[in-house]
Amino acid sequence: MSSTRNRRGPGGGRPTWRRGMSGSLRWGEVSSSVAPYVPTPYSVVRRMMELAGAGADDVVYDLGCGDGRILFTAVEEFGVKKAVGYELKASMCESVRRNIRRKSLEGRIEVINENFFLADLSPASLVTLYLTTSGNSKLRPKFEEELRGGARIVSHDFPIQEWTTLKGGSPGHYALGSHRIYLYKVPDAYERERANLRNPKEEGRWRRIRRIFFSV
Ligand SMILES: C[S@@+](CC[C@H](N)C(=O)[O-])C[C@H]1O[C@@H](n2cnc3c(N)ncnc32)[C@H](O)[C@@H]1O
């Protein structure tokens, strides 16, 4: 399913990410587990879906899908077109697959027993996260490179540092009891701030670098 898996990084082979100075990953290194298993309560899952406006046109990717509750809620209650989960724990993936078969949702829900840093995120219109702030930081460059314009990211409890939430203002998150929900849209979450930071000469240089590194 993944075009990224066939794409070549600058060193050849599968694309990998190396940790940069800011905790993000760059070519050459793949992070593995960035969070333990803790399920999001169903009330929070539903609020995440509502806030993100999940609906029939959406393809949802849950990065670290655990027992698959976000995938099932997205498809069964919000009618999204497709939901894809990545999960490192093989036993959890097996249990999600059993539930997919039991509910005859093959074709609507897919679970992949793989490190989500190796996923191709380009088909996603809505990404859901319940990881850690540092895990989100490692994913940030991948989001900026792979997600299409208009894609939303909704994160339970942990923000994506250096990005601006859709809500804006203070606080920038929504709350449900003690749970926090952070909602972002690509590229609005990072573009305006970056544009202010960069000068036009630097921007031209980065455009050239991106062309060289990411077109191989
Ligand atoms: C806090 S749980 C969230 C589960 C589910 N998304 C939810 O909200 O109920 C995080 C999950 O991410 C998985 N995980 C952590 N790092 C991962 C990685 N690099 N690739 C795939 N799964 C990962 C963990 O095994 C764990 O099940």
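Helices (H or I, at least four residues) and strands (E, at least two) are DSSP runs, counted from the N terminus. Residue numbers start from 1 along each chain as its sequence is written. As this is a predicted model, local features need pLDDT of at least 70 and side-chain atom pairs count only at pLDDT 80 or more, while totals for chains, interfaces and linings use all residues.

On the pairing side, S7 runs parallel to strand S6 (residues 126-129) over four bridges (strands pair if DSSP finds at least two bridges between them). Here Val127 has Ile153 of S7 as its bridge partner. Both strands belong to an open sheet of seven strands, with mixed pairing and the order S5-S4-S3-S6-S7-S9-S8. S5 (109-112) and S8 (174-176) sit at the edges with a single partner strand each, so one side of each has no neighbour in the sheet. Elsewhere in the sheet, S3 (residues 59-63) and S4 (residues 82-86) are joined in the parallel sense by five bridges, with Val59 partnered by Lys82 of S4.

Val127 turns up again in the largest nonpolar core, where it is among the residues with the most contacts, together with Ala54, Leu71, Ala74 and Ala83. This core holds 48 residues (buried Ala, Val, Leu, Ile, Met, Phe, Trp, Tyr and Cys joined through C-beta atoms within 7 Å). Its largest share, five residues, comes from helix H2 (residues 69-76). Setting aside neighbours within four places in sequence, Ala83 is in contact with Val60, Asp62, Leu71, Ala74, Val75, Arg108 and Ile109 (contact being C-beta atoms, placed from the backbone, within 7 Å).

As for the ligand, 24 residues surround it, the closest being Tyr37, Thr40, Gly64, Gly66 and Tyr130 (near here is a C-beta atom, placed from the backbone, within 6 Å). Over the chain as a whole, there are six helices and nine strands, and 34% of the 216 residues are buried.

Notes. A residue is buried if 20 or more other C-beta atoms lie within 10 Å of its own, exposed if 12 or fewer, and partly exposed in between; C-beta atoms are placed from the backbone. Two residues are in contact if their C-beta atoms, placed from the backbone, lie within 7 Å.
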